[in-house]
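Subject: Structure handover

Hello,

Here is the structure for your files.

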Amino acid sequence: MSDPLLIPCPHCNGLNRIPGERRHESPRCGRCKAQVLPAAPIELTQGNFASQLKGDLPLLVDVWASWCGPCQAFAPTFQQAATQLQGRCRLGKLDSEANAQLSGQLGIRSIPSLILFRGGVEVARQSGAMPLPQLLAWLRQHGL
Ligand SMILES: [Zn+2]
């Protein structure tokens, strides 16, 4: 038996306690019954960002904008990464236009930008889109 992991619900922001060995079994939120670890990126906003930074799994953030061609081109890669990393890393997309204040606080200078958080602290950052193998290799360098 492994220690339970604290994981915020992407839907209601409630913190769930998920036994480590159960995280690959599509656990549901104790409060709202939404999937706690969906196989798709979650939507981050100024409203939920602080809550979603919490918990025991790393959070990989894709900062993007709807007018940005490279961001659009990168979206399917990010989706594939979310599927491959399900249960190990949480992935979220942050619309830099809709959340300009938060993007400014994060010091975003160009998009797409990828930021990896662990324990609520930034541990790595990369500007520009990457093919999936390169993205996974980059994450491996940072312990994933
Ligand atoms: Zn919930």
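Buried means under 20% relative accessible area, exposed means over 50%, and partly exposed lies in between, with a 1.4 Å probe and protein chains only. By that scale cysteine 32 is partly exposed, because its relative accessible area is 29%, while cysteine 29 is buried at 1%.

This is a predicted model, in which local features need pLDDT of at least 70, side-chain atom pairs count only at pLDDT 80 or more, and totals for chains, interfaces and linings use all residues. Residues are numbered from 1 along each chain as its sequence is written, and side-chain values use heavy atoms, with hydrogens and water left out.

Zinc site. Cys9, Cys12, Cys29 and Cys32 coordinate the zinc ion through their SG atoms at 2.3 Å. Donors are N, O and S atoms within 2.8 Å of the metal (3.2 Å for Na, K and Ca); water is not among the atoms, so sites may look incomplete. The arrangement is tetrahedral because the four donor atoms subtend angles of 104 to 115° around the zinc ion; for four donors, the term requires all angles to lie between 85 and 135 degrees. The spacing of the donor residues in sequence is C-x2-C-x16-C-x2-C.

Disulfide. The structure holds one disulfide, a term for a pair of cysteine sulfur atoms within 2.5 Å. Cysteine 68 and cysteine 71 form this disulfide, with their sulfur atoms 2.4 Å apart. The torsion about their S-S bond is about 80°, so the disulfide is right-handed. Both cysteine 68 and cysteine 71 are buried.

Regards

Methods: Four donors count as tetrahedral if all angles lie between 85 and 135 degrees; four count as square planar and six as octahedral if opposite donors are over 155 degrees apart and all others between 65 and 115; anything else is irregular.
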